[in-house]
Amino acid sequence: MAAETDERTNPAPLDDVREEAEGCTRCDLYKNATQTVFGEGGSEARVVFVGEQPGDKEDIEGRPFVGPAGRLFDTILEEAGIDRKKTYVTNAVKHFKFEPRGKRRIHSKPNAGEIRACRWWLDQELTAIRPDVAVALGATAARALVGKPVPVTKLRGTTVESAEGVPVFITVHPSSLLRIPDREARHAERARFAEEMRKVKKLM
Ligand code: SF4
């Protein structure tokens, strides 16, 4: 407990935390994934975006938000006028969880124990950065940030407090926008998400 208090009053620099996370074995997910995918951005970031976990491409490249959802996310942030230099992007869970299916690796949702174990790193990222706002992109991120299950559909577009007092803006994960089959519905959801990013900009 004393060590934890010291970490909060005197947070470890992000680079040190990143290096330490490379060897993490706090849950079993490190066993099958390629590498730890830590957050990206500087400690001067004013907003921290939190996704669920790295995808197949992120796992291979070792960087968050570089797959198709990440590219869509980049475009929408630019449209919302959010300067990427003032952002930090990370995931609630830092190893890729998947089910092998032939040659493919199919995304598998992290469970409550894995989210809790990986919160060790998310907490340290937030403590080192102290952002104006954290944005929960989807239910796993919201659960990690708030410390309990969050009804994302009901609270989407609103801000709640995290366990540590950081305001948490609730929205969906950009990958969900890509999965909407109907073109019109997809465009409507994209516009809603872009509007939410404009709200986030006002919180920074
Ligand atoms: Fe550690 Fe998180 Fe990876 Fe689990 S998922 S091994 S807690 S870095």
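## Basis

The model is predicted, so local features need pLDDT of at least 70 and side-chain atom pairs count only at pLDDT 80 or more, while totals for chains, interfaces and linings use all residues. Residues are numbered from 1 along each chain as its sequence is written, and side-chain values use heavy atoms, with hydrogens and water left out.

## Thr87 in strand β2

Thr87 sits in strand β2 (residues 87–91). Helices (H or I, at least four residues) and strands (E, at least two) are DSSP runs, numbered from the N terminus. Thr87 is buried, with a relative accessible area of 3%. Buried means under 20% relative accessible area, exposed over 50%, and partly exposed in between (1.4 Å probe, protein chains only).

Apart from neighbours within four places in sequence, Thr87 is in contact with Glu40, Gly41, Gly42, Ala45, Val47, Phe49 and Ile82. Contact means heavy atoms within 4.5 Å.

## Salt bridges

The model has 16 salt bridges, each a side-chain nitrogen of Lys or Arg within 4 Å of a carboxyl oxygen of Asp or Glu. One of them joins the side chains of Glu40 and Arg63, at 2.8 Å from N to O. This pair links distant parts of the chain, 23 residues apart: Glu40 is in the loop between α2 (14–21) and β1 (47–51), and Arg63 is in the loop between α3 (56–61) and α4 (68–79). Glu40 is partly exposed at 30% relative accessibility, and Arg63 is partly exposed at 39%.

Arg105 and Asp56 also meet through their side chains in a salt bridge, at 2.8 Å from N to O. Here Arg105 belongs to strand β4 (residues 104–107) and Asp56 to helix α3, and the two are 49 residues apart. Arg105 is partly exposed at 23%, as is Asp56 at 35%.

A further salt bridge runs between Glu196 and Arg156, with the closest N and O atoms 2.8 Å apart. Glu196 lies in helix α9 (residues 183–203) and Arg156 in the loop between α7 (152–155) and β6 (159–161), so the pair ties together parts 40 residues apart in sequence. Both Glu196 and Arg156 are buried. Through shared partners, salt bridges join Arg156, Glu189, Arg192 and Glu196 into one network.

## Cavity

Rolling a probe the size of a water molecule over the atoms shows where empty space is left. The whole structure holds 1 cavity of 30 Å³ or more. A cavity is a set of points, on a 1 Å grid over the protein atoms alone, where a 1.4 Å probe fits but cannot get out; lining residues have an atom within 4 Å of a point. Grid points are joined across faces, edges and corners, and a volume is the space filled by probe spheres set on the points.

The largest cavity contains about 100 Å³ of space. It is lined by 14 residues, of which Cys24, Cys27, His95, Cys118 and Trp121 are the closest to its centre. Helix α5 (residues 112–129) gives the most to this lining, with 4 residues. By type, the lining of the largest cavity has 9 nonpolar, 2 polar and 3 charged residues. Ala, Val, Leu, Ile, Met, Phe, Trp, Tyr, Cys and Pro count as nonpolar, Asp, Glu, Lys and Arg as charged, and the others, Gly among them, as polar.

## Helix α6

Helix α6 (residues 139–146) is largely enclosed by the rest of the structure, because 6 of its 8 residues are buried. These are Thr140, Ala141, Ala142, Ala144, Leu145 and Val146. The buried residues of α6 pack against β1, α5, β5 (133–137), α7, β6 and β7 (167–171). Just after α6, Gly147 has a positive phi of about 90°.

## Positive phi and aromatic pairs

Most residues other than glycine have a negative phi. Arg130, in the loop between α5 and β5, has a positive phi near 50°. Phe65 has a positive phi of about 60° and lies in the loop between α3 and α4. Phe65 is buried, with a relative accessible area of 9%.

The whole structure has 5 aromatic pairs. Rings of Phe, Tyr and Trp (its six-membered ring) pair if their centres lie within 6.5 Å; planes under 30 degrees apart count as stacked, over 60 as edge-to-face and the rest as tilted. The ring centres of Phe65 and Phe73 are 5.3 Å apart and the planes are at 40°, so this pair is tilted. Phe65 and Phe73 are both buried. Ring pairs link Phe49, Phe65, Phe73 and Phe193 into a cluster.

How values were computed
On a 1 Å grid over the protein atoms alone, a cavity is a set of points where a 1.4 Å probe fits but cannot get out, and a pocket is an open set with protein on both sides within 12 Å along at least five of seven lines; lining residues have an atom within 4 Å of a point.
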